[in-house]
Structure formats: C-alpha cells, structure tokens
Amino acid sequence: MTNTDQPLQIPLEFDCPDCDGEGHVYEEVAGGCFSVAFGNWLPDERKVCCERCDGRGRVDLDDLTEEELEERGIEMDEAS
Ligand SMILES: [Zn+2]
C-alpha cells in the first residue's frame, strides 16, 4: 500500500524575514551628502543584496529560527 498523496501542510519556503521577500535590504552608509539645511551629514542608503536569502527573497524552512517559525504559527516537532 502506498500513500504518496500526503497533504502539504507546511510550505518549504518562506518570505525572507530580513528583507520581507524583497531580496535586498537598505544599509545605511556614512558620508552621504552634507545637508546645509540640517547642518550635518545625512546617511546614505545603499541597496545591498540580502545576505540571509542570498538575494532570493525566500528562505527554506530550515533557515528560520524556532521563534520565526512560531511567529508563522508553525510548530516544529524536533523529536523524530
Ligand atoms: Zn532576504
């Protein structure tokens, strides 16, 4: 007897928590431009590839921490 029609209950991939599925994050870098109005240097924003998901915007189930899984209502049963 075979049972290959198991319902997929937990998705295997999720939007990356670090970049919200964007695949990139904005990093503040010093030395943007000097604002005469504010009288100081404004930080510049740099678009960088999200390290966590490698720019994919998606992370595998295994890449999420227990906390992040809980936030998504997923309980991992480590006992096997
Ligand atoms: Zn990411």
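**Questions on a predicted β-β-β-β-α chain**

Trainee: Of the contacts in the protein chain with a separation of 6 or more, what percentage is accounted for by residues 24 or more positions apart?
Mentor: Two residues are in contact if their C-beta atoms, placed from the backbone, lie within 7 Å. Among the contacts with a separation of 6 or more, the share of residues 24 or more positions apart is 57%.

Trainee: What is the mean pLDDT of the protein chain?
Mentor: pLDDT is the predictor's confidence in each residue, from 0 to 100. In the protein chain, 88% of the residues reach 70 or more. The mean is 86.

Trainee: What pattern does the protein chain follow along its sequence?
Mentor: Helices (H or I, at least four residues) and strands (E, at least two) are DSSP runs, numbered from the N terminus. The protein chain has one helix and four strands. Read along the sequence, their order is β-β-β-β-α.

Trainee: In which strand is confidence highest?
Mentor: Confidence is lowest in β2, where the mean is 84. At the other end, with a mean of 95 over residues 58-60, stands strand β4.

Trainee: What percentage of the 80 residues of the protein chain counts as buried?
Mentor: A residue is buried if 20 or more other C-beta atoms, placed from the backbone, lie within 10 Å of its own; it is exposed if 12 or fewer do, and partly exposed in between. Of the 80 residues in the protein chain, the buried share is 5%.

Trainee: Over how many bridges do β2 and β3 pair?
Mentor: Two strands pair if DSSP finds at least two bridges between them. The sense of the β2 and β3 pairing is antiparallel, and the number of bridges is nine.

Trainee: Which residue in the hairpin of β2 and β3 takes a positive phi near 75°?
Mentor: The hairpin has four residues between the strands. The residue with this positive phi is G39.

Trainee: Is K47 buried or exposed?
Mentor: K47 lies in strand β3, and its C-alpha atom is separated by 6.5 Å from that of H24, 23 residues away along the chain. Leaving aside neighbours within four places in sequence, K47 is in contact with H24 and Y26. Because K47 has 9 C-beta neighbours inside 10 Å, it counts as exposed.

Trainee: Which residues does D44 touch, not counting those up to four places away in sequence?
Mentor: D44 is also found in strand β3, and with 13 C-beta neighbours inside 10 Å it counts as partly exposed. Its C-alpha atom is separated by 8.2 Å from that of E27, 17 residues away along the chain. The residues that D44 touches are V29, G31 and G32.

Trainee: What is the phi of D54?
Mentor: Most residues other than glycine have a negative phi. D20, in the loop between β1 (13-15) and β2, is not a glycine, yet it has a positive phi of about 60°. D54 is placed in the loop between β3 and β4 and is exposed, with 12 other C-beta atoms within 10 Å. Although D54 is not a glycine either, its phi is positive, at about 65°.

Trainee: Leaving aside neighbours within four places in sequence, with which residues is G23 in contact?
Mentor: G23 lies in the loop between β1 and β2. It is partly exposed, because 15 other C-beta atoms lie within 10 Å. Its C-alpha atom and that of R58, 35 residues apart along the chain, are separated by 7.5 Å. The contacts of G23 are C50, C53, G55, R56 and G57.

Trainee: How far apart in space are R72 and F14, C-alpha to C-alpha?
Mentor: R72 is found in the segment after α1 (66-71), and with 14 other C-beta atoms within 10 Å it is partly exposed. R72 and F14 are 58 residues apart in sequence, and their C-alpha atoms are apart by 9.6 Å.

Methods: Residues are numbered from 1 along each chain as its sequence is written. This is a predicted model: local features need pLDDT of at least 70, side-chain atom pairs count only at pLDDT 80 or more; totals for chains, interfaces and linings use all residues.
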